[in-house]
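Morning, everyone. Let me put the model up, and then we go through it chain by chain and contact by contact.

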Amino acid sequence: MMKMKSASLRYVASRAGGMLIVLAIVAVLVFVLTRAASGDPVSVLLGDQATAADIARVQKDYGLDKPLPVQFGYWLREVLQGNLGTSIFLQRPVTQALWERAEPTTLLALMAVAIAALIGVPCGIVSAVFRGRVVDQLFTGIAMLGASIPSFWLGIVLIQIFAVSFGWFPVSGYGAPDAPFMERLHALVLPATVLGLLNSALIIRFTRASMLDVLGEDYVRTARSKGLSESKVVLKHALRNALVPIVTVIGLTVALMIGGAVITETVFGLPGVGNLVVSAVLRRDYPVIQGALLVIAAIYVLINFSIDLLYAVVDPRVKV
Amino acid sequence: MTNANTTPRLTVSNLSTSFPTEDGLIRSVADVSFSIQPGKTTALVGESGSGKSVTSLTLMRLLPKTANAQVSGSASFVTREGKTLDLLQIGEREMRSLRGNQLSMIFQEPMTSLNPVFTIGEQIAESVRLHKGLDRKAALAHALHMLELVEIPAAAQRIHDYPHQLSGGMRQRVMIALAMACDPTLLIADEPTTALDVTIQAQILELMRRLQAETGMSILFITHNLGVVAHHADDVVVLYAGRVVESAPVRPLFAQPEHPYTQGLLACLPGKARLPGQPKPKRLFAIRGQVSSPLAPPPGCAFEPRCDLALPECSVAMPPLIETHHGREARCVRVQPAQPLVRSA
Amino acid sequence: MPRMLRQLMHRRIVMASALVLLVIAVLAIGAPLFASIDPNDTAVLDRLKAPSAEHLLGTDELGRDMYSRIVHGARYSLAIAALTALGSVIAGTVLGLMAGFFRRLDTPLMRVVDAMMSFPDILLAIALVAILGPSLMNTVLALVLVYTPRVARVVRASTLVVRELLFVEAVRALGVRTSRILWRHILPNLMSPILVQVSFIFAYAILAEAGLSFLGVGVPPEIPTWGTMVAGSQQYAHQAFWVVLFPGLAIIFTALSLQLLGDGVRDLLDPKLKKTS
């Protein structure tokens, strides 16, 4: 038992180490990107209102006359203390702006993942079980189609049909700030459907591939030889083993949603993080761009790390 | 076959299994007939590609659906209740009620034949609950009993183990426990010891022999190893290229093999490195040549290209399977059909 | 090689996709031949007219013929995507080869790749365009940077496999120069996965460019790509649906055909091993 515990710790530690290195590189990339764009990090930190005297003072305080790697160090220190700068246009700390916008994006991502999984996993299983038949070709084809549709186009189409013509959903927006929670969820249905539908393609393909792998295994033949019904064989014996890669891809889909939210939020006028980033880019609001990139990339890395850990926990055979 | 007075547990008649492929139709099993007596072991012998595994999978109806197998012939199975069913004709539901119950199978690869995410106790119990209707507790108790029966040490603790915590030999014992959990009348064992160490092989075979003696089940033993056959089978059916080339009770087969292929197989055994009547050679014997491709079978006898005793008529047409003695058959132009007993007046 | 072509031909869907792509490419290259009406011809009196015999796909908010716009727009959309695919495949192959072949470069290069893939594609593209400034070539450059890591990963994986094959050992033992090994022995074995990647990146690039242009952070709106068309006309969607429908369909057809083609080629190259996806 003790041996297992120290081995687990070693595994976690090595994975965490890798994650930290990637985060460090991410930080460097973001720093370099923003410097390249804005040129002067001080105005990025202080905002447009700074006077020449302020700038000179801060430059000396922050040692900006020092070489670049040192500047990076100062910047990083600020970031790790939670200071992501102040938005030029919103006149608020970036962290606050991000936090205010977190809810719509998070809810959207979760709803979209739920829709994608609810469509993707069953379709993938059916596709695998009836491999080669019409159903399989149909689902695989739909999955391929889903990966070819631009999200903004689908968004506009769905708005036209369901919001404008049928009037079932709001054309855009997220409801008033004091609107009840259900109303806000209702506003998210169409955008979540767009994101969910398009990303279900990946889940269908992955589920199908994983199930096919497992269905070809010897122990599935053993299960059949015991006289179990086909649905028991597929849903109990095969699916349990196919689940790990499927859960992995669902987890990755969460990360994909963050990127996908950018366009969807713009089309549907949702006050989320994606929308914030787009307007920040259009307005050259560098603190926001920088902060958002850092946070989003960090979340992505953390999600991947968690999936790695989950893998080790769920599968009793993983050599930990 | 031995003692044809009792009804065989399984009678296979003219079984054929073919697979359509991009390159043509592959006849893995062609016109195979044999029977297995209750309480006896019939060995199905042949090299890779002879069709022995396909035969067993066909009987269990476990061929993959994507293979699009074409099956013909019949397989009469006598159930515990005395009913006779054709395994190839009955509905899937009825087949499922037999599988794992009266008719079970153990496979060649113990390392991969058990589901890695369930404990061995659960996997055995599942079978019992399905066919005997026991509740979870009773089923697990029965599973424990089975594990003890197959001589798994510390069974009470190991019942909660996962397959990867067991060695190959142990896993095969678990497979046997699984297959026998519902007291089958016919056990199909597809090369159950091939993947195991020699010492473990002997233990497993001994275990199977003991279980057979205790329960009276029949065994269809599929193997390429004649040494095993000599010690554990009652009847032998030799397959070559999907066809039966010789069948006989075990002692007569070993004493006087009739088909050149069987003679060759026996000559391959190091202890028997000589053909009858020849002086003992100094080299190991091997049948020359290889099995022909299933897509391009020879026009006559399938073994003719490799046969040292071949005659011109062997490459013209496939010889028929002839009864040579009581209970023996061979498919060769060189064998004499059994003479009907002539009673002098 | 000829056997592969024959096998490809047996798969009707793949051949159909290839055909569709050929038609699109021909239309795009020879645009003036196939769409005689000037795509930039505004005719305010004819604005937002439904599809008719005169205007096959209708007109947009400035009276420009949609069919013409789409056919001419194909040139830009396809060119951007093609350049992206080319650029990212070349850069990614170089990176992947280096990482796969030289053990000491592997971890550092792959960590950088991991870091770059930590950003959602669109977000990274937006950020890069923000730095470089919106223009056609900058969009291409940004997208190349976005997709290079993806290609690098695939090439690295294949390189690792090929490197272990015995003939590489033999050739090295003969004292052949490393660069020659890479160029003449390893690279040819990577052509198959690389070709597959080209097809997929092309498809992703079409979708990405459309998305970027729709947001207004990609190609400048004066340049008529399918994405800018939708961006410019979206507010008229409820009145005249075709202004949004047809550019979208063009994107879908092209992206779908590319992915089907890539899938088909990939199936062919990994045939007996694992027919799973």
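One definition before anything else: a residue is buried if 20 or more other C-beta atoms lie within 10 Å of its own, exposed if 12 or fewer, and partly exposed in between, with C-beta atoms placed from the backbone. This is a predicted model, where local features need pLDDT of at least 70 and side-chain atom pairs count only at pLDDT 80 or more, while totals for chains, interfaces and linings use all residues. Residues are numbered from 1 along each chain as its sequence is written, and chains are lettered from A and ligands numbered from 1 in the order in which they are written.

Start with chain A. Of its 320 residues, 43% count as buried. Chain A has twelve helices and zero strands. Helices here are DSSP runs of H or I with at least four residues, strands are runs of E with at least two, and both are numbered from the N terminus.

Now contacts: two residues are in contact if their C-beta atoms, placed from the backbone, lie within 7 Å. Take contacts in chain A between residues at least 6 apart in sequence: 73% of them join residues at least 24 apart.

One helix pair in chain A. The axes of α5(A), residues 94-129, and α8(A) come within 4 Å and cross at roughly 35 degrees. Axes are lines fitted to C-alpha atoms, for helices over the stretch in contact, and angles run from 0 to 180 degrees between N-to-C directions. The crossing of α5(A) and α8(A) is right-handed. Right-handed means the near helix is turned clockwise from the far one by less than a right angle; anticlockwise is left-handed. By class, this contact has 23 nonpolar, eight polar and one charged residues. For the classes, Ala, Val, Leu, Ile, Met, Phe, Trp, Tyr, Cys and Pro count as nonpolar, Asp, Glu, Lys and Arg as charged, and the others, Gly among them, as polar.

Chain B meets chain A through 25 residues, in contact with 19 of chain A. Which element gives the most to the chain B side? α3(B), with four residues. By class, the chain B side has ten nonpolar, eleven polar and four charged.

Over to chain C and helix α10(C), residues 226-233. Eight of its eight residues are buried. What covers them includes α7 of chain A together with α4, α9 and α11 of chain C. α10(C) and α11(C) pack at about 160 degrees, axes 9 Å apart. That makes α10(C) roughly antiparallel to α11(C), a term for angles over 145 degrees; under 35 is roughly parallel, 65 to 115 roughly perpendicular and the rest oblique. Their crossing is left-handed. From α10(C), the contact uses C:Trp226, C:Met229, C:Val230 and C:Ser233.

Last, the cores. A nonpolar core is a set of buried Ala, Val, Leu, Ile, Met, Phe, Trp, Tyr and Cys residues joined through C-beta atoms within 7 Å. The largest has 162 residues, and those with the most contacts inside it are A:Val277, A:Ala292, C:Ala125 and C:Ile126. Another core lies apart from it, with 87 residues, including B:Ile120 and B:Cys301.
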